[in-house]
Amino acid sequence: MTFTADDLETEARAQTGLSDFGDPYYREGLDRLLDALWSEAELNEMGAIIQRANLVNLLASRLKIEEEYRRHPEIADEVVDGPVFVIGLPRTGTTALSQLIAADPQFRSLRLWESQSPSPPPEAATQHTDPRIAQAAANLEMMNMAFPLMQTMYNSEPEAPTECQDLMGMTFRTLHFDGQVRIPTYLAWVLACDMDGVYAYHQRVLKLLQWHCKPSLWHLKTPVHIFSLESLVRTYPDAKFVWSHRDPAAVLGSVCSLIGYVRSWSSERDDKAELGASQVEVWADGISRAMAFRGSVAGRGFIDVAFADLQTEPVATLERCYAELGVPFTEESRAAVATWAAEHEAGSRGQHDYDLADYGLTADEVRERFGTYVATYDATA
């Protein structure tokens with residue numbers, strides 16, 4: 001099975017009965033992604049099916065979003081407050097931190113079900129009974145049955161907050177695709193390309209999602225944001241960042257294990273040493289960019305969280321974050337966060353086993369590559 005961008009667009013139009021994809025900015029990323037899929041990813045039959053379905057869904061979401069804006073141009077007048085972004089290297093507790101914040105009803109999070117299907121926009125009265133929640137649950141159950149180790153690696157629930165993967169994916173410019181398949185030429189391009197349009201569309205989707213479903217103090221999360229903070233703050237000048245920290249030598253083995261497992265769904269290729277070397281370089285570059293940006297704004301709007309503190313004192317750690325954010329940590333907040341923490345103790349979903357050496361890496365080599373960050377992490381943690 002092979003397919004082109006035109007094939008995918010035709011299928012998305014047929015599914016939705018719509019034709020307007022909006023700003024053509026998205027098409028270059030889609031073309032480059034497909035070039036890399038067919039020349040580098042070594043997709044198997046299942047991989048082609050997975051990637052086609054994912055890409056068609058992103059295009060169909062664009063069509064539906066643009067139709068909502070055509071019918072209701074007043075959506076563009078919505079104001080996206082903040083937002084608060086959880087960032088940091090992957091596997092540093094960003095998911096747990098994000099889900100702790102999302103437990104507090106003061107915040108509006110990007111939930112898995114609405115990320116996968118943002119249109120029609122959610123309604124406040126039915127946001128916990130929307131039929132798309134059941135569909136997201138069924139999709140998760142299917143994935144966990146097919147790929148059971150995923151449950152030990154990444155906690156995902158239909159109404160839980162999710163990464164900005166789909167919002168960025170609708171412009172086809174995001175490192176999230178590299179986490180699914182091996183596409184080095186696309187990766188190199190996306191690391192060097194203009195990202196302003198990505199965040200403009202990201203905000204366009206948030207406006208739609210909050211239109212009939214507030215509160216509007218957004219909290220969002222993905223490690224991928226560290227690569228393009230300058231573009232992010234051009235769209236969100238009042239953004240604040242909660243940055244989770246952990247020893248990169250503890251992080252990279254977990255990163256490689258997760259990516260290697262997800263990529264195995266789509267390809268039989270298994271080059272652990274290449275994966276290890278690539279991921280070290282990519283994330284060291286991301287950390288370097290984020291630290292440089294943080295230095296350029298004198299640290300304004302950045303709050304640090306140590307992984308160890310999050311593991312041992314989640315409620316107290318979040319209370320400190322709120323104080324630095326200038327957000328009240330109410331009794332309702334405390335109760336909601338404490339309940340979530342008690343129900344999601346570390347290790348409760350099973351053990352994620354990995355070995356850094358399997359990926360041709362040593363702890364000392366990783367720490368050396370992240371040298372400046374390691375010194376900062378030691379001081380923070």
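This is a predicted model: local features need pLDDT of at least 70, side-chain atom pairs count only at pLDDT 80 or more; totals for chains, interfaces and linings use all residues.

**Backbone details, then packing**

Let me start with R91, which is found in the loop between β1 and α4. R91 has a positive phi of about 70°, although it is not a glycine. Is R91 buried or exposed? With a relative accessible area of 18%, R91 counts as buried, because the cut-off for that class is under 20%.

A second residue with this kind of backbone is E42, where phi is near 55°, again a positive value in a residue other than glycine. E42 sits in the loop between α2 and α3, and its relative accessible area of 45% makes E42 partly exposed.

While we are on the backbone, there are two cis peptide bonds to point out. One joins G82 and P83, with omega about -10°, and P83 belongs to strand β1, which covers residues 81-88. The other runs from K214 to P215, with omega near 20°, and here the proline is placed in the loop between α10 (196-210) and β3 (217-221).

Now to the packing of helices, and I will take α2 as the point of reference. How do α2 and α3 lie relative to each other? The axes of α2 and of helix α3, residues 45-71, come within 13 Å and cross at roughly 175°, and α2 and α3 are therefore roughly antiparallel to each other. On the α2 side the contact is made by Y26, L30, L33, L34 and L37, and on the α3 side by Q51, L55, L59 and R62. If we sort the residues of this contact by class, we find seven nonpolar, one polar and one charged.

Turning to α9 itself, its buried residues are Y186, L187, W189, V190 and L191, and they pack against α2 and α13, the latter covering residues 272-296.

Which residues does R32 touch, once its neighbours within four places in sequence are left aside? R32, which is found in helix α2, is in contact with Y186 and W189. The C-alpha atoms of R32 and L187 are separated by 9.7 Å, although the two residues are 155 apart along the chain. R32 counts as partly exposed, at 37% relative accessibility.

G22 lies in the loop between α1 (5-16) and α2, and with a relative accessible area of 24% G22 is partly exposed. Leaving aside its neighbours within four places in sequence, G22 is in contact with R62 and E66. G22 and Y69 are 47 residues apart in sequence and 9.9 Å apart in space, C-alpha to C-alpha.

Finally, let me move to α16, residues 331-343. This helix has 13 residues and reaches 18 Å from its first C-alpha to its last, close to the 18 Å expected at 1.5 Å a residue. In α16, S333, V337, W340 and A341 are buried. Where do these buried residues fall when α16 is seen down its axis? They fall within an arc of 100°, so they line one face of the helix. On the other side of α16, E331, E332, A342 and E343 are exposed. As for the cover over the buried residues, it includes α4 (94-102) and α15 (314-325).

That is where I will stop, and I am happy to go back to any of these places.

How values were computed: Residues are numbered from 1 along each chain as its sequence is written. Side-chain values use heavy atoms; hydrogens and water are left out. Helices (H or I, at least four residues) and strands (E, at least two) are DSSP runs, numbered from the N terminus. The expected span of a helix is 1.5 Å times one less than its number of residues. Buried means under 20% relative accessible area, exposed over 50%, partly exposed in between (1.4 Å probe, protein chains only). The arc is that of the directions from the helix axis to the C-beta atoms. Contact means heavy atoms within 4.5 Å. Axes are lines fitted to C-alpha atoms, for helices over the stretch in contact, and angles run from 0 to 180 degrees between N-to-C directions. Angles under 35 degrees count as roughly parallel, over 145 as roughly antiparallel, 65 to 115 as roughly perpendicular and the rest as oblique. Ala, Val, Leu, Ile, Met, Phe, Trp, Tyr, Cys and Pro count as nonpolar, Asp, Glu, Lys and Arg as charged, and the others, Gly among them, as polar.
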